[in-house]
Amino acid sequence: MRFEAITIKDIARALNLSVSTVSKALRGSHEISTETRKTVTDYAARHHYRPNPIAQSLKQGRSKSIGVVICNIDNNFFSQAINGMESVAEKKDYHVIITQSRESYESEVKSIRHLSSRSVDGLIVSLSAETEDIDHLVSIHDKGLPIVFFDRVAEQVNTHQVTCNNFKGAYEATLHLLSQGFRRIGHITSPSGLSITQERLQGYKKALEEKGIPFDEALVHYCQHGGQVPEETEAAVERLLQLPQRPDALLTMSDRITTTTLAYLHQLGIRVPDEIALIGFTNAATAGIFNPSLSAVVQPAFEIGQKAMELLIQLIESKRPVSRFEKMVFDTQLVIRDSSKRKEL
């Protein structure tokens, strides 16, 4: 049975009033008598009348809907960022529509096209691991749809960006491992084309350089699906373990890669940190209760989500064209736990 919502026309017909009178009565207009307003509102309440949001959006020129495109919602960072976005959107009376690319370029393109065809007022986007060509974003941005990037950004689109200090996070994590006496540090990361991958790689390299440790390309492995496929991360760990000189520590660069690496080392019977130390980017709330407790670079995901939403709503509601854009960079937090501490020190 299909649900049929009651309309203003239905109310007008039932009460033998004009559509204009019913509309004004529902808005509480003083042009309509108190008695008529009460008759209309009582009838509307009894029949569960709700305003048509599509009709309202056409009248206002806005849908009050915002599209969000992320790689996957079960990633701790992204779920926390979404909570931040929704906390701002709710206060501003916007609805948030969330889609997942699951690290697929094709899925990202479909999501962007679907959301833009649904007349969302703007988009918040974090690029998928596979995305290299961003024509699908350039074209809708050029047509006037506001876009804000967060975490994984595209420099080719002139708009607001909200990220964390990826360089600093990786730099501090690498320095910590070096301070513990580890010298051969493996690096398992996301696809090389992503902005976060390059920033974190540079932080890793800088720390090695400062301590006089030569950079070894053989110690760096890229997961083309950003950790979405556990077998890909496990294969990267295997390749590092098969090196003539295997690493004595690992620096991992995403929620999924970090937690999958720890689980796989356990599966192989490799003791952490006794045989291989581990530190990684992760916002997992359970990091402190893993065995061993997991050292982590933590990103302020909630605040990043809040700022991305604030900036997008500013773009949407601006009465003049915006030509100056911000790149907001939030600091990471290094949380040292047992997985990266050398016990004999």
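This is a predicted model: local features need pLDDT of at least 70, side-chain atom pairs count only at pLDDT 80 or more; totals for chains, interfaces and linings use all residues.
Let me begin with helix 10 and helix 11, which are oblique to each other, a term that here covers whatever is left once angles under 35 degrees are counted as roughly parallel, over 145 as roughly antiparallel and 65 to 115 as roughly perpendicular. Residues are numbered from 1 along each chain as its sequence is written, and side-chain values use heavy atoms, with hydrogens and water left out.

Two packed helices are described by the angle between their axes and the distance between the axes. For helix 10, residues 230–241, and helix 11, the axes come within 9 Å and cross at roughly 60°; the axes are lines fitted to C-alpha atoms, for helices over the stretch in contact, with angles that run from 0 to 180 degrees between N-to-C directions. Helices here are DSSP runs of H or I with at least four residues, and strands are runs of E with at least two, numbered from the N terminus. On the helix 10 side, Pro230, Thr233, Glu234, Val237 and Glu238 meet Ile257, Thr260, Thr261, Tyr264 and Leu265 of helix 11, contact being heavy atoms within 4.5 Å. By class, the residues of this contact are five nonpolar, three polar and two charged, where Ala, Val, Leu, Ile, Met, Phe, Trp, Tyr, Cys and Pro count as nonpolar, Asp, Glu, Lys and Arg as charged, and the others, Gly among them, as polar.

Turning to helix 1, residues 8–15, its axis and that of helix 3, residues 34–46, come within 11 Å and cross at roughly 120°, which makes helix 1 oblique to helix 3. Helix 1 passes helix 3 in a right-handed crossing, and Ile11, Ala14 and Leu15 in helix 1 meet Thr39, Val40, Tyr43 and Ala44 in helix 3. The residues of that contact comprise six nonpolar, one polar and no charged.

Another pair is helix 6, residues 105–117, and helix 7, residues 135–142, whose axes come within 10 Å and cross at roughly 15°, so that helix 6 is roughly parallel to helix 7. Here the crossing is left-handed, with Tyr105, Glu108, Val109, Ile112 and Ser116 in helix 6 meeting His136, Leu137 and Ile140 in helix 7. That contact divides into five nonpolar residues, two polar and one charged.

The largest cavity holds about 140 Å³ of space, a volume being the space filled by probe spheres set on the points, which are joined across faces, edges and corners. Its lining has 17 residues, of which Asn75, Phe78, Arg152, Ser254 and Asp255 lie nearest the centre. Helix 5 (76–91), helix 9 (195–210) and helix 11 (255–267) are the elements that give two or more residues to this lining, which by class has five nonpolar, six polar and six charged residues.

Finally, the backbone. Most residues other than glycine have a negative phi, and most peptide bonds are trans. Asp93, in the loop between helix 5 and strand 2 (95–100), has a positive phi of about 65° although it is not a glycine. The peptide bond from Val272 to Pro273 is cis, with omega near 5°, and Pro273 lies in the loop between helix 11 and strand 9 (277–281). The bond from Asn291 to Pro292 is cis, with omega near 0°, and Pro292 belongs to the loop between strand 9 and strand 10 (295–298).

Key:
A crossing is left-handed if the near helix is turned anticlockwise from the far one by less than a right angle, and right-handed if clockwise. On a 1 Å grid over the protein atoms alone, a cavity is a set of points where a 1.4 Å probe fits but cannot get out, and a pocket is an open set with protein on both sides within 12 Å along at least five of seven lines; lining residues have an atom within 4 Å of a point.
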